[in-house]
Amino acid sequence: MTSAIDIKLGFDNSFASLPDRFYARLAPTPVREPRLIAFNRALAADLGLDVAAIEPHAAALFSGNTLAADAAPLAQAYAGHQFGHFVPQLGDGRAHLLGEVIDRAGRRRDIQLKGSGQTPFSRRGDGRAALGPVLREYIVGEAMHAFGIPTTRALAAVLSGEAVFRDEILPGAILTRVAASHIRVGTFQYYAARRDVDGARLLADHVIARHYPDLAKADQPYLALLDAVAARQAALIAAWMSIGFIHGVMNTDNMAVSGETIDYGPCAFMDAFDPNKVFSSIDQNGRYAFSNQPTIAGWNLTRFAETLLPLIDADSKQAVAAATEVMKRFTPQFDQAWLTRMRPKLGLTTAEDGDAELIGELLDAMHASHADFTLTFRHLCEDASYALEGWMAKWRARLAREGATPATRAEAMRRVNPAYIPRNHRIEQAIAAAVAGDFGPFDMLMRVLAAPFDARAEFAAYAEPPQPKEIVTRTFCGT
Ligand code: AMP
Ligand code: MG
């Protein structure tokens with residue numbers, strides 16, 4: 001049995017006031033021997049939580065063994081297209097939303113446990129998570145935040161003291177995740193698949209109020225919602241790609257309508273640049289390859305558009321025509337977002353017509369020379385040649401039309417080109433050590449990634465690509 005404790009986290013729940021069919025109310029399943037691995041005090045403080053009051057109870061609270069007095073735990077319903085195949089019922093099969101808090105900046109944020117036990121949505125799953133994927137989500141999510149890219153975050157990680165059975169026996173763990181919300185494209189698909197137009201409208205109104213409050217006044221709020229969600233996804237995917245990130249499982253249930261990156265599974269950052277790069281062991285056809293991500297985002301958003309059609313116009317032909325017009329804007333929106341992210345990486349503060357080609361030629365040259373994605377851009381900050389001589393001449397000619405001094409430009413470029421990324425081999429080393437009981441490498445990696453743009457002599461080894469024997473070619477969901 002879960003026990004309650006006389007601590008309040010200041011929950012102010014809105015999702016729980018939606019109708020019963022949106023979720024299943026139930027408590028997490030307690031674990032044998034919870035042990036705190038990590039507690040993100042800075043984030044806790046941002047959330048307005050009482051860190052000193054929580055800390056002595058952190059292992060119990062962030063395992064779900066103990067519930068805050070004001071928690072109202074529930075598992076959310078959702079559906080989704082997985083690798084293109086529609087599954088009408090997925091849902092939180094191993095997660096419990098504890099509640100929502102209003103953070104110090106006035107933003108509403110979910111606090112959710114992941115790996116906290118079975119729910120009515122578990123299907124054949126055990127409701128649990130293994131330590132490795134919990135640490136990967138913790139590391140990559142916090143790094144993403146440090147890069148300034150919208151993301152769910154990690155508030156805590158706890159060892160469960162129980163084994164989980166995957167291909168092997170692994171230590172179990174629970175992640176506490178913070179998100180603007182956990183509402184996904186797949187959440188909309190859940191109601192659309194049931195022809196539950198009232199449900200879809202309630203959900204859309206909730207999402208507008210929560211994430212896009214300005215749209216409530218729009219002439220056509222649901223059409224405007226489609227446009228706004230698409231714009232945030234265009235910006236998000238461009239941001240990912242600007243740092244060599246591959247999400248790995250861009251199923252519609254893993255795309256948050258808030259515009260945050262969600263569900264870090266077999267995700268990875270590239271070392272050597274290859275536009276066709278795939279890491280996920282389950283993505284055999286390269287559906288979610290690096291350069292396919294904008295196309296897939298567009299595909300997912302079209303599925304989102306379909307769920308909104310009955311809300312957009314009672315006349316389905318009119319609704320399709322209006323939604324199609326909005327969706328036509330996605331590719332140009334992405335192209336613009338890509339330029340907005342990439343120009344500063346090259347020290348460009350002005351826009352010229354040839355910039356997209358200049359960026360494309362750089363990437364082609366990097367691909368041809370197997371250049372390390374992160375190091376190439378970091379070296380460009382120092383105007384250092386990196387086997388790209390022909391391209392550098394064009395770049396310098398373009399820079400000559402920019403105003404900034406070289407020193408100012410170099411400093412600005414170092415603020416957008418990270419020195420450190422969560423390189424796969426470092427993540428794997430941190431996980432392997434943790435599974436063997438040593439959390440030192442995990443803690444160290446978190447320190448390095450806390451300020452990824454500031455090169456520090458003592459962290460120099462973390463900027464390096466893997467040695468040939470350290471190269472990670474596959475990442476696993478491990479779910
Ligand atoms: P994911 O691949 O983590 O995005 O999960 C896809 C779906 O499978 C979601 O409905 C999850 O809740 C569910 N799921 C994943 N792993 C488990 C597990 N170990 N137990 C129960 N459900 C799971
Ligand atoms: Mg998921």
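Me: What makes helix α12 mostly covered?

Reply: In α12 (residues 373-381), 8 of the 9 residues are buried, meaning under 20% relative accessible area with a 1.4 Å probe, protein chains only (over 50% is exposed, in between is partly exposed). Among them are Phe373, Leu375, Phe377 and Arg378. Helices here are DSSP runs of H or I, at least four residues, and strands are runs of E, at least two, numbered from the N terminus. Quick caveat: this is a predicted model, where local features need pLDDT of at least 70 and side-chain atom pairs 80 or more, while totals for chains, interfaces and linings use all residues. Residues count from 1 along each chain, chains are lettered from A and ligands numbered from 1 as written, and side-chain values use heavy atoms, without hydrogens and water.

Me: Why is asparagine 254 called buried?

Reply: Its relative accessibility is 12%, and the cut-off is under 20%, so asparagine 254 counts as buried. Aspartate 263 has 11%, so that one is buried too.

Me: How do you know which protein atoms are donors of the magnesium ion (ligand 2)?

Reply: Donors are N, O and S atoms within 2.8 Å of the metal (3.2 Å for Na, K and Ca); water isn't among the atoms, so sites may look incomplete. Asn254 (OD1) and Asp263 (OD) lie 1.9 to 2.1 Å from the ion, so they qualify.

Me: Why is strand β12 described as largely enclosed?

Reply: Because 9 of the 11 residues in β12 (residues 169-179) are buried.

Me: What makes β11 and β12 a pair?

Reply: Pairing takes at least two DSSP bridges; these antiparallel strands have 9, so they pair. Arginine 153 stands opposite valine 178 in β12.
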